[in-house]
Amino acid sequence: MTDDLAQPSSAADASAGRSAPTHDAIVLGAGVAGLTVAHDLAGRGYRVLVLEASERLGGVASGIEVDGLALDAGAESFATRGGAVAELAAELGLADDIVDPNPAGAWLQLPGRAVPLPKQTLLGIPAVPLARDVIDALGWGGALRAYGDRLMPVLKIGKDEALGPLVRRRMGQKALDRLVAPLAGGVYSADPDLLDVAVVAPGLNNAITRAGSLSGAVALVLEERAGAAKQVGRPGSAVQGIRGGIHRITAALAERAREHRAELRTGVRAVSAAKTATGWRVQTDAGSFDASSLVVALPEREARRVLGDAIGPAARADEPGVTVELVTLVLPAGAVSGDPRGTGVLVAADATGVRAKAMTHSSAKWSWLREAAAGREVVRLSYGSGIAAPATEGLDDAAAAALALEDAKTILGIDLPQPLASARVRWEQGQPSSIVGAKRRQQALRDAAAEHENLEVVGAAVAGTGLAQVVPDAREAALRIRRERFAIAGTPWTEDLDDEAAATEPEDASGTPVTDGRGEA
């Protein structure tokens, strides 16, 4: 809800389809992708309208308040790879607030016990199957079975598509259930048997070809990543956060966009979008709006629904989604002594007595939160893995909080008092972008959108999960809009385009920008 809200197009305009668009760009969805595009366009003088169906901005990077604490409702960290998120945070004045998590690391909840998560692993796959921490997790029998990977016939060509079958075949079911399923499944909210190796573990198949074994390939990938991190001067944590919460990024994006006169409207659901003679018309439950360009930053199923006939039947395939629920508990001071389970716990597939798939001890993971909590403890439990409905499904908020408290007691191994406050957030997500076939489905959506002038689809629907993937993709989309539609010589907000284009276009060995036959990068 902002100043100077746009007015729906008149019936005459709708019938004519030739009136000058009210906006330069309409952005559907106010998650991090949509707000990034709005920030980049509005900051250069474009008239931007953002429409969000829910009553809050930020999507999975929004915030909630629990017992007076400003907490993240969804994402609480970002992957450092690529540096795009840190760069954006710096632009927003948050560079000094980028923080590393507690290096204590996470634990694994096993049947009847908990152990620290083994260190030298890639998505739980151990580089050294007989390492002490792997034996602690798998037992001698499970560790020896995993070591059998080194004794099997050499893997001459790495060509596995799905992660689960690869790990099961080379290291056994216990390694899959106790190490890979809780980590890979927890991160990607999907069955490990469906996870695409090329997506969740880039470079692993190539390393298998070179090393001849799965564990040897993991060691190679870890070594190469460590070397790359040192080369770019970022040898620290693979993830970072923001002091005060990740939601500060989306709040700052919205604030900057508003400062540049972008209009942000919540509670407005897009019904459909259609091409007009002058751009795009979006029909909503609050009327219709016209713009020269349309940016769809919605979850995959919503994006396909809104675009409808514009993208054709091949790209409209309806895939089942994933439901995840997060229950946050704020416990009284003294409820937990120290950090008994490090920064949190992942639950093994064969663990019993715990319904959550993971628990984050947030006040242990982030020093800024421990300070803000002033002795209170904050834990967040996650339900729903993409394999089955969340255990909280059908429960009211009080019952969900009670279940979370019981799970937290089991995971931490201590009795806990009743929480001072609790909060429950439900996320309906599209089919994980990490599963086999998802890349092809995403590319089909991209290709369908690319057939239309001034239509961009951004966000997890096409870029994959995580801010590190979503942010740079959204910024590239904003640049394409500026370059293709609005780059008018002499206008003050486009005179920087040549420099930016030169910085983003790929180059061949001679330093010459590489283009396709149409002269486009």
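**Reading the model**

Reply: Asp 97 touches Gly 241, Ile 242, Arg 243 and Arg 248, leaving aside residues up to four places away in sequence. The model is a predicted one.

Me: Where does Asp 97 lie, and is Asp 97 buried or exposed?

Reply: Asp 97 lies in the loop that runs between α3 (84–91) and β6. Its relative accessible area is 17%, and the cut-off for a buried residue is under 20%, so Asp 97 counts as buried.

Me: Which strand pairs with β3, and in which sense?

Reply: β3 pairs with β4 in the antiparallel sense, over four bridges. The two strands form a hairpin with two residues between them. Glu 65 stands opposite Ala 70 in β4. β3 also has two faces: Ile 64 and Val 66 are on the covered one, while Gly 63 and Glu 65 are on the uncovered one.

Me: What is there to note about phi at Asp 67?

Reply: Asp 67 has a positive phi, near 55°. Asp 67 is in the turn of the hairpin, in the loop between β3 (63–66) and β4. With a relative accessible area of 33%, Asp 67 is partly exposed.

Ala 374 also has a positive phi, near 50°. Ala 374 is placed in the loop between α13 and β19 and is exposed, at a relative accessible area of 63%.

Me: Which residues touch the most other members of the largest nonpolar core?

Reply: In general, nonpolar side chains of soluble globular proteins tend to be buried together. The largest nonpolar core here has 64 residues, of which Ile 125, Leu 163, Leu 204, Leu 329 and Leu 381 touch the most other members. Helix α14 (residues 397–412) gives the most to this core, namely eight residues. There is also a second, separate core of 40 residues, including Ala 25, Leu 35, Val 48 and Ala 61.

Beyond residues up to four places away in sequence, Leu 163 touches Leu 123, Ile 125, Val 180, Ala 184, Pro 192, Leu 195, Val 197 and Val 200.

Me: How far apart are Gly 212 and Pro 153, in sequence and in space?

Reply: They are 59 residues apart in sequence, and their C-alpha atoms are 8.2 Å apart in space. Gly 212 touches Pro 153, Val 154, Leu 155, Arg 170 and Ala 207, residues up to four places away not being counted. Gly 212 is found in the loop between α8 (204–211) and α9 (214–231), and a relative accessibility of 8% makes Gly 212 a buried residue.

For the whole protein chain, 69% of the contacts between residues at least 6 apart in sequence join residues at least 24 apart.

Me: How many cavities of 30 Å³ or more does a search of the whole structure find?

Reply: The general idea is that rolling a probe the size of a water molecule over the atoms shows where empty space is left. The search finds one cavity of 30 Å³ or more, and the space in the largest cavity is about 120 Å³. Its lining residues divide into six nonpolar, three polar and three charged. Among them are Asp 72, Glu 76, Ile 242, Trp 366, Trp 368 and Arg 380. β4 (69–72), α13 (367–373) and β19 (377–383) each supply at least two residues of this lining.

Me: What are the totals for helices, strands and buried residues?

Reply: The protein chain has 18 helices and 21 strands. Of its 521 residues, 53% count as buried.

Key:
Residues numbered from 1 in each chain as written. Predicted model: local features only at pLDDT ≥ 70, side-chain atom pairs only at ≥ 80, totals over all residues. Heavy atoms only, no water. Buried < 20%, exposed > 50% of the residue type's maximum accessible area, 1.4 Å probe, protein only. Contact = heavy atoms within 4.5 Å. Core = buried A, V, L, I, M, F, W, Y, C linked by side-chain atoms within 4.5 Å. 1 Å grid on protein atoms, 1.4 Å probe; cavity = no way out; pocket = protein on both sides within 12 Å on 5 of 7 lines; lining within 4 Å. Points joined across faces, edges and corners; volume = space filled by probe spheres on them. Nonpolar A, V, L, I, M, F, W, Y, C, P; charged D, E, K, R; others polar. Pairing = 2+ DSSP bridges.
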